[in-house]
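Take each answer together with the coordinates.

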Amino acid sequence: MGRYVIRRLLQMIPVFIGSTFLIFFMVYALGDPVAAMFGDRAPDPATAARIRQELLLDQPLWKQYLHYMGQIFRGDFGTAFNGQPVTELMGTAFPVTLRLTLVAIVIEIVVGITLGVLSGLRRGRALDTSVLVFTLVVVSVPTFVSGYVLQFLLGVKWEWVKPTVSTDAYLNELLLPGVVLALVSLAYVTRLTRTTLAENARADYVRTAVAKGLPRRRVVTRHLLRNSLIPVVTFIGTDIGQLMGGAIVTERIFNIHGVGFQLYQGILRQNSPTVVGFVTVLVLVFLFANLVVDLLYAVLDPRIRYA
Amino acid sequence: MATATTPDPAPDAGAASPALLDVRDLYVEFRTRDGVARAVNGVSYRVDAGETLAVLGESGSGKSVTAQALMGILDSPPGFVTGGEIRFRGQDLLQAAPEERRRIRGARMAMIFQDALSALNPVLSVGTQLGEMYEVHQGMKRKDARAKAVELMERVRIPAARSRVGDYPHQFSGGMRQRIMIAMALALEPDLIIADEPTTALDVTVQAQVMDLLADLQREYDMGLILITHDLGVVADVADRIAVMYAGRIVEHAPVHDLYRAPAHPYTRGLLDSIPRLDQKGQELYAIKGLPPSLTAIPPGCPFHPRCPRARDRCAVDRPPQYDVAPGRTSACHFWEETLRDEEPPHDR
Amino acid sequence: MPDAYVPKEAVTHGDGGTTALAMAEAESLESGRNGRNGRSGRGAARPNGRPRSLWGDAWRDLRRNPVFLISALIILFLIVIAIWPSLITDGNPYRADLAKAQEGSAPGHPFGFDTQGRDVYARTVYGARASITVGVCATAGAALLGSLLGGLAGFFGGWWDALLSRLADIFFGIPVLLGGLVFLSVVTSKTVWPVVGFIVLLGWPQIARIARGSVVTAKQNDYVQAARALGASNGRMLLRHIAPNAVAPVIVVATIALGTYISLEATLSYLGAGLKPPNVSWGIDISTASTYIRNAPHMLLYPAGALSITVLAFIMLGDAVRDALDPKLR
C-alpha cells in the first residue's frame with residue numbers, strides 16, 4: 001500500500017507540471033499580459049518594455065514558468081487586477097466554492113445513489129423507466145439552462161428561495177445552486193449505479209450468495225451493493241474536482257462570489273496571475289481528489305490492494 | 001421413469017422414508033425476447049443419501065438449469081418452473097414458502113459452482129464468506145463463525161488455514177479456491193450437495209484431488225451428491241448412476257457400469273465413442289455430427305433424431321417415452337434394444 | 001471471418017461451412033444477449049443458422065428500438081435544417097426590428113422576438129447549424145485523434161503507452177470550462193474552428209482511453225495471438241483483427257460525446273468564450289436572454305428547448321447504439 005501511494009504521487013508530478021504549464025502557456029504566450037494591464041489605452045513602448053523585463057516576460061517561456069512556480073511554492077501568487085494579492089482572493093473564494101461543491105456532492109450521493117439503486121433493483125418496471133427518462137433529460141439540459149429555469153421558477157415566480165446568494169454564501173442559500181451544480185453528475189451517478197447494479201446482479205458471486213440461503217436483504221446489501229458501489233464511489237471522488245471547476249456557470253447564475261466568479265473576472269480583465277493561480281490550485285485539487293479516489297479504490301477492492 | 005432400486009433408506013429420516021430427493025416430471029422454460037426456450041422438459045430422477053448421481057450432458061442440455069431449479073436459484077424472470085415436483089425429504093419444494101426454501105438452501109442442500117473465482121465474492125475475505133453461513137443460518141457471533149471458518153478450511157485440507165482465513169479469493173490457487181467452495185457447501189453438513197461442473201475450470205492434476213476430496217467428504221457425511229458434468233471421464237470413478245440429458249430431457253438413465261458396458265441410447269453411444277482411447281491411437285476421433293437443437297425450436301419426435309445414426313421415419317414424429325431397459329435403467333429411444341446390442345454399425349462417416 | 005490467418009484447427013466444416021470461430025462468436029454474443037446462457041442452457045444452438053455478425057445483430061436490434069428511431073429521426077431533421085435552414089423558415093435571423101423587441105409570438109413569428117427585435121424562430125432554426133457543425137467536427141476530430149493515439153498506445157504498449165497515458169492525464173487535469181475560457185479568450189477568430197479545436201484538444205483523451213482499452217483486450221484474443229504466432233505483420237494485425245473490435249466502443253462513446261460537445265459549445269458561448277456574434281448560436285442567445293428571463297422567458301425557452309432536444313437526441317442515439325453493440329449491459 002505504501003509503495004502504491006508513492007508511485008501514484010510520483011505519477012502526479014509530471015501531470016501537475018504538464019497541466020499547469022499548458023495553462024501558463026495559454027495565458028502568457030497566447031495572450032499579452034502587458035497590453036491587458038493598460039486596458040484600452042495603448043501603453044508607452046518604453047514602459048511596456050520595462051514591465052516586460054520586470055515580469056521576466058522577455059525570458060524564454062520555461063524560465064518564466066519556473067520563476068512563477070518558484071514563487072507559487074513560496075506562497076506568492078502575484079497580484080490581482082484590483083491590487084489585492086491573489087492569495088487573498090483565494091481565501092475568500094475557495095471556501096465559498098468548497099461549500100457549494102459540498103452541498104452538490106451530498107445531493108449527488110443521496111439522490112443519485114438512491115435513484116440508481118431503486119431503478120437498478122427494479123429494472124424494466126415503471127419506476128426504472130421514469131428514472132431513466134429523468135436522467136436522460138437532466139443530462140441533456142445544459143447546466144446554464146436548468147440553472148436559469150430553476151432560478152426563475154423557484155426563486156422568482158414561486159419565491160420559495162432567494163434567487164441570488166449573498167456574499168457570505170450560507171449553506172441554506174446554497175441549496176438551490178447546489179442542486180443545479182449537482183444535476184448532471186447526479187444523473188451520471190444514477191445511471192452508473194443502475195448499470196453496475198444490473199451487471200453485478202448477474203454475477204456468479206451473487207448467485208452463490210443466493211444459493212447459500214442468505215436472505216434477500218443480505219444478498220443485496222452485503223454482496224450486491226458493496227461491490228456495485230465501488231465504481232460509483234470513485235466516480236464521485238473524481239467529480240469533486242470537476243464540480244469545483246464547473247461551478248463557474250452556477251456561480252455566475254446565482255451571483256456567488258466563488259472561484260468561478262473570480263476566475264471569470266480574471267479572464268475578462270486578462271489578469272494573468274489570478275487566472276494561472278486559480279487554475280493551478282484547481283489542478284492540484286483535481287489531482288489530489290484523484291489520488292484519494294485511487295487509494296479509496298484500493299481500500300474497497302482487495303484485488304487492487306494486493307496487485 | 002427412474003425406479004427406486006437403492007435399498008438403503010435415508011439414515012436420519014426413519015424407516016420406509018421417501019427418497020432424499022425425488023424430482024418428478026420437471027419443466028423449466030425461459031421466456032426471452034427471442035421466444036420461449038424450453039430448457040427442461042419432463043426431467044425425473046431421484047437421489048438417496050450417500051448416493052452419487054451424475055448428470056451428463058452438453059452445454060444447453062438443461063443439466064445446470066435443472067440443478068438451479070432444485071436449489072431455487074433460477075433467475076426469474078426469465079426462468080420459470082412450469083411443471084413437476086421437487087420432493088426433498090418428502091416435502092415438495094415447489095409448494096414451500098420462499099422463506100422455507102431459503103432456510104433449506106445452503107443448509108440442507110448446497111451447491112458447488114464451476115468457476116470458484118467468479119462464484120466467490122472478490123471483495124470479501126474467504127473467512128467472511130464461510131462464516132456467513134453460520135451467522136445467517138445459526139445466528140452465530142462473527143468471532144465464533146470465524147473460528148468455524150478456519151475449521152472448515154482445515155477440513156477441506158487447505159494448508160495454513162488459520163493464517164489464510166483473512167485472504168481474498170484471488171489470492172488462492174484454482175484448486176484451493178474450489179476447496180473453499182466445497183467448504184462453503186459443506187458448512188452446515190447438508191443432506192444433499194449439487195456440484196455443477198466442480199472440476200471443469202481446474203488443471204487436470206488438481207481435478208483428481210478435488211474430486212477425491214469431494215468423494216471422501218460425501219462418504220464421511222453420508223450425503224447425496226448430484227454431480228453435473230459433461231466429462232465422462234470424471235463420472236466413471238465416483239458416480240453410482242448416470243442420467244444423460246439431451247435437449248432438456250433425460251435420454252438414458254442407468255447404473256454407471258451398465259451404461260459404460262453397453263449404452264442403450266445412440267446419443268450415449270456417440271458420447272462414449274468420442275472419448276479418445278489409447279487403443280485407437282492414430283484413428284480419427286468420432287464426433288456426433290451436427291449441433292444440439294435450439295431450445296426455442298426443439299425438433300418434433302425424438303429431439304436427437306436429426307443427428308442420430310439410427311434415426312428412422314418414426315423418430316421424426318413419435319416422441320419416445322422412457323422405456324424400461326432393466327430394473328433401474330431407462331432409455332428414451334424407440335430402438336434401444338438394437339442400440340444396446342450394438343447391431344449394425346452405428347456410424348458410417 | 002474465413003481468413004488466411006485463422007489457424008487451421010479452428011476451422012471445422014460444420015453446417016453450411018460455418019467456421020468454429022464464427023460460431024463461437026455468434027454464441028458468445030448470444031450468451032451475452034440472453035444474459036445467462038451458461039446457466040439457462042440456451043445452448044450452442046443455432047441450427048443451420050448463418051453466423052450473425054456483431055454489426056448485423058446490432059442493426060437488427062436498432063431497427064426495432066423506438067429510442068433509436070426517434071433520436072435518429074430528430075438528428076436527421078436537425079442535420080437537414082442545419083444545411084438548409086430556409087426549408088422551414090423564410091425569416092431572417094439577423095433582421096432587427098427594435099419596435100418589436102421582446103414581444104411574444106405574433107403571426108408569422110411563432111416564437112416571438114428577442115431583445116433586438118429579431119425573430120426568435122428564425123434564430124432558433126439557424127442556430128442548429130453552429131451546434132451541429134461544432135458537434136460533428138469536434139467529435140470527428142476527437143474520435144480520429146483519440147482512436148489513433150489510443151490504438152497505437154494499446155497496440156505497442158511500453159513507453160508509448162506510458163507517455164500517452166500521462167499526456168491524457170494532463171488534459172484530464174485541466175478543468176474543461178476554465179481551460180476553454182482561458183484558451184478561447186485569447187483567440188480573436190470569429191469562426192467555429194477555435195471552438196472545435198479546443199474541444200478536440202480536451203476531448204481526445206477520453207476516446208483514446210476507450211480505444212486503448214479495447215485494443216488491449218482485442219490483442220489478448222486467441223485468434224489475434226494465433227495470427228501473431230503465424231507471423232502476421234503489425235499493420236495487418238491492427239487493420240484486420242484489432243481495429244474492427246475496437247471500433248464499436250469508440251463509436252458508442254463518440255456518439256454520446258457528440259451530445260455533450262454540443263452542450264459544451266453552448267456553455268462556452270454562454271460564458272462569452274465560445275462562438276461570438278454574428279454567429280447565430282443557441283448558447284449566445286440563451287446568454288442574452290437570461291438577463292430578461294423575468295419579462296420575456298420565451299427568448300430563453302425556445303433556444304434552450306432546441307438545444308436540449310438536440311443534446312438529448314444524440315445521447316439517446318448513443319445509448320441505443322451502445323445497447324445494440326454491447327448486449328451485456330441489458
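Q: What share of the contacts in chain A with a separation of 6 or more comes from residues 24 or more positions apart?
A: This is a predicted model. Count the contacts in chain A with a separation of 6 or more, then keep those between residues 24 or more positions apart. The share is 73%.

Q: Which pattern does chain A follow along the sequence?
A: Chain A has 13 helices and zero strands. Its C-alpha trace spans about 85 × 55 × 30 Å along the principal axes. Of its 307 residues, 43% are buried. Read along the sequence, the pattern is α-α-α-α-α-α-α-α-α-α-α-α-α.

Q: Is Ile6(A) buried or exposed?
A: Ile6(A) belongs to helix α1 of chain A, residues 2-30. Because Ile6(A) has 10 C-beta neighbours inside 10 Å, its class is exposed.

Q: How far apart in space are Ile6(A) and Gln242(A), C-alpha to C-alpha?
A: In sequence, Ile6(A) and Gln242(A) are 236 residues apart. In space, their C-alpha to C-alpha distance is 24 Å.

Q: Which element gives the most to the side of chain A that touches chain B?
A: The contact takes 20 residues from chain A and 24 residues from chain B. On the chain A side, the elements giving two or more residues are α9 (204-211), α10 (216-253) and α13 (302-305). By class, that side has nine nonpolar, four polar and seven charged residues. With six residues, the element that gives the most is α9(A).

Q: Which element gives the most to the side of chain C that touches chain A?
A: This contact takes 34 residues from chain C and 35 residues from chain A. Elements of chain C that give two or more residues include α6 (158-173), α10 (234-270) and α12 (298-325). The chain C side has 22 nonpolar, eight polar and four charged residues. With eight residues, the element that gives the most is α12(C).

Q: Which strands stand at the edges of the open sheet in chain B?
A: Four strands form this antiparallel sheet, in the order β2-β1-β4-β5. An edge strand has a single partner, so one side of it is left without a neighbour in the sheet. The edges are β2 (35-47) and β5 (91-92) of chain B.

Q: Which residue in β2(B) stands opposite Glu29(B)?
A: Strand β1 of chain B covers residues 21-32 and is joined to β2(B) by 10 bridges. The two strands run antiparallel. Opposite Glu29(B) stands Arg38(B).

Q: Which residue in β7(B) stands opposite Ile112(B)?
A: Strand β6 of chain B, residues 109-112, is covered on both faces. Met109(B) and Met111(B) are buried on one side, Ala110(B) and Ile112(B) on the other. Four bridges join β6(B) to the parallel strand β7(B), residues 192-196. Opposite Ile112(B) stands Ala195(B).

Q: What is the handedness of the crossing of α4(B) and α5(B)?
A: The axes of α4 (residues 126-138) and α5 (residues 142-155) of chain B come within 8 Å and cross at roughly 115°. Among the residues that meet are Leu130(B) and Tyr134(B) in α4(B) and Ala145(B) and Leu152(B) in α5(B). The contact divides into five nonpolar, two polar and four charged residues. The crossing is right-handed.

Definitions and conventions:
Residues are numbered from 1 along each chain as its sequence is written. Chains are lettered from A and ligands numbered from 1 in the order in which they are written. This is a predicted model: local features need pLDDT of at least 70, side-chain atom pairs count only at pLDDT 80 or more; totals for chains, interfaces and linings use all residues. A residue is buried if 20 or more other C-beta atoms lie within 10 Å of its own, exposed if 12 or fewer, and partly exposed in between; C-beta atoms are placed from the backbone. Two residues are in contact if their C-beta atoms, placed from the backbone, lie within 7 Å. Ala, Val, Leu, Ile, Met, Phe, Trp, Tyr, Cys and Pro count as nonpolar, Asp, Glu, Lys and Arg as charged, and the others, Gly among them, as polar. Two strands pair if DSSP finds at least two bridges between them. Axes are lines fitted to C-alpha atoms, for helices over the stretch in contact, and angles run from 0 to 180 degrees between N-to-C directions. A crossing is left-handed if the near helix is turned anticlockwise from the far one by less than a right angle, and right-handed if clockwise.
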